Amino acid sequence: MKPISKLISFMLAGALLLVSLAACQPAATLEPEGPVTITYWHTMSDPETAQLENVIAAFEAANPNITVEATRYAYDDFKPALLTALAGEEGPDTARLDIAWVSEFADQGALMQLDGVMPGFEEIVAGTFPGPLSTNYWEGHYYGLPQNTNTQVLLWNKEVFEAGGATPPETMEEFAQVACDLTEGEEQYGYALGGTYFWAPAPIFYAMGGQIVDEDITTADGYINGPESVAAFTMLKDLFDKDCISPNLLGGGIGTADGHATGLYAMIIDGPWMVDIYKGNYPDFEVNFALIPAGPDGTTSSVVGGEDLVIFEGTEHADAAMKWAAFLLSEESQKMMAEAGVIPTLSGLTGDPSIPNYFAVFLEQLETAQARVPHPKWGDMDGAINNAFQRMLRGEQSVQTALDQAAEEIDALLQ
């Protein structure tokens with residue numbers, strides 16, 4: 001066994017929390033022969049948590065010597081709880097992490113490398129969508145598996161479209177035209193974003209060919225401020241200046257979900273969770289989905305969301321943890337969780353009759369959806385883009401100047 005000791009440094013509640021990890025990763029041959037209990041932490045919703053119990057039961061039935069002890073956390077409490085537990089050498093064996101966190105924990109040596117270690121790893125990842133899979137990659141290795149995923153697509157209000165004689169746009173040129181055609185002063189806006197944080201404009205940004213950094217994540221200069229990225233933000237800026245985009249993205253006003261259902265916003269871009277939201281809040285509203293309109297190269301794209309399954313470096317039950325991880329990526333488990341509204345990460349389930357019909361457009365979108373930069377400092381990069389977007393919307397800087405500044409700020413983070 002090799003002792004490890006690495007410093008974990010994260011921003012927590014506005015302060016820098018320094019913790020030291022010291023743990024041993026036992027060889028697989030040292031796995032106890034008797035019954036083993038492994039811990040699994042997550043932030044699942046009520047329906048997901050209820051279905052997780054069935055998944056655990058199925059796994060334990062197939063692996064009678066392994067018990068899974070699951071613990072649920074509120075999202076905002078989850079990372080602090082993990083940091084505290086790891087500092088006290090009492091962290092879980094496994095966890096479902098936000099995809100943006102994997103590189104952070106991997107960079108600090110807290111996660112177990114899976115490629116070249118986990119039995120059947122190559123076969124498992126070969127069957128997953130590349131976008132969600134990429135969020136587990138850091139400095140040459142994979143430190144997790146894409147447990148569940150999501151992406152954003154176009155939502156269009158059928159009643160508003162029919163009244164305006166419009167059809168769902170298939171290209172970005174059509175999107176911009178429809179956004180203005182369906183705008184009627186402050187009574188109705190053709191399009192609305194939920195904010196200026198990168199997740200909101202990301203589908204349009206990626207569909208327009210925008211990039212934040214180079215493939216090797218070494219520089220942002222020439223990428224976030226490159227021609228395609230500038231074109232994407234220029235289109236949004238122009239629509240905003242023409243009042244074809246609701247001003248709510250800068251704060252205040254009616255939220256995108258409510259505004260879309262009530263006809264205030266003809267189009268929004270959002271995820272599969274909107275089905276349940278509308279069922280609860282607007283049961284008579286008909287939800288209509290479409291792919292993100294294609295950019296200049298004729299390709300649609302969007303942004304990858306979701307959670308990844310990780311195994312912590314300090315686990316004393318590596319074999320059992322890897323068996324649990326493999327089961328969560330199995331068709332059996334993925335189909336079970338799909339019943340609770342969770343989009344699977346297995347590309348082979350596209351078109352499967354056992355999963356909800358409305359998943360089809362999201363699974364198709366995932367074929368070209370892209371992950372945000374898998375880097376420990378992504379949160380700060382997001383902030384740089386967010387601030388740049390706000391400066392250009394307020395007219396404080398041109399699109400090019402704002403993105404040039406963002407490139408400088410991101411490059412400083414990559415040093």
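Author: Happy to! Let me begin with a term: a residue is buried when its relative accessible area is under 20%, exposed when that area is over 50%, and partly exposed in between (1.4 Å probe, protein chains only). The model is predicted, so local features need pLDDT of at least 70 and side-chain atom pairs count only at pLDDT 80 or more, while totals for chains, interfaces and linings use all residues. Residues are numbered from 1 along each chain as its sequence is written, and side-chain values use heavy atoms, with hydrogens and water left out.

The part I would pick is the interface between the two domains. Domain 1 covers 36-150 + 305-366 and domain 2 covers 153-302 + 377-414, with bounds from an automatic or database domain assignment. Nine residues of domain 1 and 15 residues of domain 2 take part in the contact, where contact means heavy atoms within 4.5 Å. Taken over C-alpha atoms, the centres of domain 1 and domain 2 are 29 Å apart.

About 1000 Å² is buried between domain 1 and domain 2, and carbon and sulfur atoms give 75% of this area. Buried area here is the accessible area (1.4 Å probe) that two parts lose on being put together, summed over both. On the side of domain 1, the residues that lose the most area to domain 2 are Tyr 358, Phe 362 and Gln 365, together 54% of what that side buries. Helix 14 (residues 359-366) gives four residues, the largest share of the side of domain 1 that touches domain 2. Helices (H or I, at least four residues) and strands (E, at least two) are DSSP runs numbered from the N terminus. By class, that side of domain 1 has five nonpolar, three polar and one charged residues. In this scheme Ala, Val, Leu, Ile, Met, Phe, Trp, Tyr, Cys and Pro are nonpolar, Asp, Glu, Lys and Arg are charged, and the others, Gly among them, are polar.

What does the rule find across this interface? There are three residue pairs in polar contact, both residues at pLDDT 80 or more, and zero salt bridges. A polar contact is a pair of N or O atoms within 3.5 Å; within protein, one must be able to donate a hydrogen and the other to accept it, and residues adjacent in sequence count only if both atoms are side-chain atoms. A salt bridge is a side-chain nitrogen of Lys or Arg within 4 Å of a carboxyl oxygen of Asp or Glu.

Thr 300 sits in the loop between strand 12 (289-290) and strand 13 (304-311). With a relative accessible area of 16%, Thr 300 is buried. The side chain of Thr 300 also reaches the backbone oxygen of Ile 292 at 2.6 Å. Beyond four places in sequence, the contacts of Thr 300 are Leu 291, Ile 292, Ala 294, Gln 365 and Thr 368.

Elsewhere, Arg 391 belongs to helix 15 (residues 378-393) and, at 14% relative accessibility, counts as buried. The side chains of Arg 391 and Gln 397 are joined by a polar contact of 2.5 Å.

Another salt bridge links Lys 335 and Asp 352 (3.2 Å, N to O). Lys 335 lies in helix 13 (residues 331-338) and Asp 352 in the loop between helix 13 and helix 14, so the pair ties together parts 17 residues apart in sequence. Lys 335 is partly exposed at 26% relative accessibility, whereas Asp 352 is buried, with a relative accessible area of 17%.
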